[in-house]
Amino acid sequence: MKFSQSVVALVATAGLSAAAPLAKRQATAITDADILNYALTLEHLEDTFYREGLANYTEADFAAIGLDATFYTNLKEISSDETTHVAFLTAGLTAAGATPVAECTYDFGVSTPAQFVALASVLEGVGVSAYLGAAADIMSKTYLTDAGSILTVESRHNAYIRQALGESPFPIPFDTPLDFDEVYTLAAPFIVSCPASNPALPVMAFPELALGTTGTIVANQTITLLTPGYTLAAVDGTSPLYAAFITILGPIFVPATPVSGGFSVVVPASPEINGQSYVVLTGCSDAVTDDTVVAGPAIVEITNPLP
């Protein structure tokens, strides 16, 4: 279904035009080197995030928001893990004869220890979904094992930080996979610029989709998804738009109703939709693919009672 939007204009409006080099996905298969560089791009982002956070905030700063010395020590261990992941992936790409991407310049938009910890939880959750989503495309069994080893560590990071924030460390029985473009859409707003020598990633960013609802969100609640800086409408003026909540068992579609600045949707009641959840806008109610997504994902933290 066609919708009146210019992806180029929308990406620029959403502030993503200065992100890492984009290359529209081609019909040819993505290579293991592409996937490792994609993973390295994310690891560079996390590595820089933690190094900057530990440089900006002291143990006393975290204690002032109720996070003790043990948390600070574990935060330093998480930072060390991310640095190790960067070195590991860089060495692997170099050994394989591929050019590893270098660290970019980032703007994480955090100004308090509380904002830093909240974003750490989000980034770790996206990292888990990124590795999980990429696993099926990795051809080398060795690389698949390597990626799986990083994935399990990222998952422990995520669970630990979620628990520190008073959130469930494991809110759903299955983690949610995201594809390359969905993950890059979430990472791109933090990337200011990258070295010109970096290999172009075979990814593209969708137009931004943001959560406009504050406070605790639960199943069957109506929430607002914002399309900042652009308007999304069907070319024929009548075709419906859907919000697709992504799960391991497949997307769950709900109608997206136009409102000022975006769309209202009802959070589906499903055991697979809880904790850090992802929703995209699409003109198709049968499947979610890079060809059908028109915006998003947005991240929605859902707090349903656990069994």
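Predicted model: local features only at pLDDT ≥ 70, side-chain atom pairs only at ≥ 80, totals over all residues.
**Close-up views of the nonpolar cores and aromatic pairs**

View A. Setting aside neighbours within four places in sequence, Phe49 makes contact with Phe108, Phe116, Leu119, Ala120 and Leu123. Phe49 has a relative accessibility of 1% and therefore counts as buried.

**View B. The largest nonpolar core, with 60 residues.** Tyr38, Leu45, Phe49, Tyr50, Phe62 and Phe116 have the most contacts inside this core. Two or more residues each come from helices H2 (32–56), H4 (69–95), H5 (113–134), H6 (141–164) and H7 (180–187), and from strand E9 (275–282).

**View C. The aromatic pair of Phe49 and Tyr50.** The whole structure contains 13 aromatic pairs. In the pair formed by Phe49 and Tyr50, the arrangement is edge-to-face, with 5.2 Å centre to centre and 75° between the planes. Tyr50 counts as buried, because its relative accessibility is 1%.

**View D. The aromatic pair of Phe71 and Tyr160.** These rings are stacked, at 5.9 Å centre to centre and with 15° between the planes. The pair links distant parts of the chain, as Phe71 lies in helix H4 and Tyr160 in helix H6, 89 residues apart. Phe71 is buried at 2% relative accessibility, whereas Tyr160, with a relative accessible area of 27%, is partly exposed.

**View E. One aromatic cluster containing both pairs of residues, Phe49 with Tyr50 and Phe71 with Tyr160.** The cluster also includes Tyr57, Phe62, Tyr72, Tyr106, Phe108, Phe116 and Phe190.

Note on methods
Residues numbered from 1 in each chain as written. Heavy atoms only, no water. Core = buried A, V, L, I, M, F, W, Y, C linked by side-chain atoms within 4.5 Å. Buried < 20%, exposed > 50% of the residue type's maximum accessible area, 1.4 Å probe, protein only. Helix = DSSP H or I, 4+ residues; strand = E, 2+ residues; numbered from the N terminus. Contact = heavy atoms within 4.5 Å. Phe/Tyr/Trp six-rings, centres within 6.5 Å; stacked < 30°, edge-to-face > 60°.
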